[in-house]
Amino acid sequence: MRVISTHFGDPLQRRLGTYVERGGYEALKKAFSMGPDEVVETVKASGLRGRGGAGFPTGVKWSFMPKEATKPHYLLCNADESEPGTFKDRELMRWDPHQLIEGCLIAAYAIRAKHAYIYCRGEFFETNQVVARAVEDAYEKGYAGEDIFGSGNDIAVTVHQGAGAYICGEETGLMNSLEGRRGEPRVKPPFPAAVGVFGMPSTINNVETLAAVPHIVNNGEEWYRQWGTESSPGTKLFCVSGHINKPGNYELPLGFPLSELIDDVCGGIRNGNGLKAVIPGGSSVAILNSEEARRCRLDYEGCIDVGTMLGCASVIVMDDTTDIVKQVRRMVDFYAHESCGQCTPCREGSAWAAQIMKRIEIGEGTVEDLDTLMEVTEQMVGTTICVLSDSVAPPVQSSIQKFRADYLALISEQESAGAT
Amino acid sequence: MSDIPFSNPGWAGNTGEFDLTEKEVRGDDFVGDRPKDGGHPSGAGTMPYMLVDKDPDAPLFEGEYRQRFEKILTRYPDKRAALLPVLSLAQELRGHVSAESMDEVAGLLELSPAYVRGVTTFYTMYNKRAVGRYLVQVCTNISCNLCGADEVLQAFLRYTDAEMGETSKDGNFTVIEAECLAACGFPTCVQINSRYYENVTPADVAQIIEHLKPEGES
């Protein structure tokens, strides 16, 4: 079942003419006839939740924007996809750029913004060209810019390229980066709906969220609610990677069982190996062991039930040959590299955790190091401006709790070597 | 550049519904032919990440690059916001962003040199020193790592005869380790200048290097 990924793999979909023939930009026309508040209500009623990781209800977020645009409002599309394990936004942009642009235009209209910025990850040079060309085509045919379809609505769309920094995927880090500053997250409050980019009310949504908006506006909230669960309605792209026979993006209803995704949809684990661990939501969430993975349902609540989070639904599968310590060390290295350095717990904690992990990996760790890791990561939770710091704790802590034997094996090798 | 063999012409999860050529997958109709003056201002900032032939002394900015610079300025309510795209434009021309380039950009945007240096050094995509004709960035983050990225990285170092982070003697290649490139379904992903190479195995590396060597374009 495919809603936003229907045209993945069809090169014709990139062309404005084809997109329009297939019913594209009808939702934008409909939105203009509904009025901004009704669009917000429809999206709110659909239960669409932000697909960037936090899962905040999109319509509710939009409703925080001032009802009168006394100052310029801005819509920001977060296309700075960089969570390890996530590769959905690039596919959405390069296969169906107009779907995203239409979503941006509808969202901008709903929040009374006259300018939408698509903040694209800098590394996506090829993808960004596809989007830029699509935006240009939209301008040329009057689907973007001034007086769209003669409706009197002006909405500019700009493709902005980042320059390489994971932290710019954090909403206020992205805003600073768009303003030409270091991409350091800001203290909230004030929240973006009050003081966002350029000091103006702003709303920021993920690519996948905005891609779903035209479909919801076209078909109504009940239609969208036919999939998923009561609290997590709709469909979601699951990015499956790692030791899996058929890696890829699979659009499925929320609430889909993780075991079925791995065994049936993705053709099982490579070489017929056993399952050791799964990360269901990108590198920032707790690792599941095989038993927890068997009973995990893939929606926001189902993941919390087994002690992890859905995040952006980036399912990383690890078979029984995996060196967990090495992989966790690699993830911690990533956070140490990407920490913006503003907050001490994050800057120091991630760097020290990375050093300790390395020490354990090369066989020079001690049992006390595990306690130190737990303590250091514990102090990184809830003590900083943004949640990058909080993201270091789940992989480290869950791996020590669930795969302690793997750590101890490396440590005891060292200790027995020291004894001889 | 074309006809690099790559083993999965499609998106990860290809259902076999479409019979796709590499050009169709990559969107060659759209990629690589952006006008030098940037076209419509909305997309004037999208540009090659790096050109193969760099000119460290190229002026900032003249001719079509000047037009692109002017168009970028129109897109934001203030000049500061143009800083990232303008630094990228400088890098596209010169191959890296030296301290002198940072100062020149500061002058163009009426920002202090210290501020521009602070911003430039925050972002990994600005090369603070000269790199080879091809900057090879191998993703070694978790999904690629599970599928053998470390071996791919070693193969690139071996075939280019370069030290990690240094440029090979012939000036052609600089190989570095990269963080997740968001192509986790196509491990290992390698970015070479502006282009992604996907599903790269150690066995593919020699062929990719040989293919790049004689060519003069990005």
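I count two residues as in contact if their C-beta atoms, placed from the backbone, lie within 7 Å. The model I am reading is predicted.

**Entry: where chains A and B touch**

I looked up how many residues each chain gives to the contact. Chain A gives 65 residues and chain B gives 56. I then went through the side of chain B that touches chain A. At least two residues come from each of α1 (22-26), α3 (83-94), α5 (113-120), α6 (142-146) and β4 (195-197) of chain B. I noted α3(B) as the source of the largest share, which is five residues. By residue type, I found 29 nonpolar, 19 polar and eight charged residues on this side of chain B.

**Entry: a sheet in chain A**

I followed an open sheet of five strands in chain A, with the order β6-β5-β11-β8-β9 and mixed pairing. Which are the edge strands? They are β6 (248-253) and β9 (288-289) of chain A, and each of them pairs on one side only. I checked β5 (residues 235-242) of chain A against β6(A): the two run antiparallel and are joined by six bridges. For L237(A), I found E251(A) as the bridge partner in β6(A).

**Entry: helix α11 of chain A**

I looked up buried residues in α11 (residues 258-265) of chain A and noted L258(A), L261(A) and I262(A). They lie on the same side of α11(A), because the arc they cover around the axis is only 90°. I recalled that an α-helix has 3.6 residues a turn, so residues three or four places apart point the same way. Just after α11(A), I found G267(A) with a positive phi of about 70°.

Notes. Residues are numbered from 1 along each chain as its sequence is written. Chains are lettered from A and ligands numbered from 1 in the order in which they are written. This is a predicted model: local features need pLDDT of at least 70, side-chain atom pairs count only at pLDDT 80 or more; totals for chains, interfaces and linings use all residues. Helices (H or I, at least four residues) and strands (E, at least two) are DSSP runs, numbered from the N terminus. Ala, Val, Leu, Ile, Met, Phe, Trp, Tyr, Cys and Pro count as nonpolar, Asp, Glu, Lys and Arg as charged, and the others, Gly among them, as polar. Two strands pair if DSSP finds at least two bridges between them. A residue is buried if 20 or more other C-beta atoms lie within 10 Å of its own, exposed if 12 or fewer, and partly exposed in between; C-beta atoms are placed from the backbone. The arc is that of the directions from the helix axis to the C-beta atoms.
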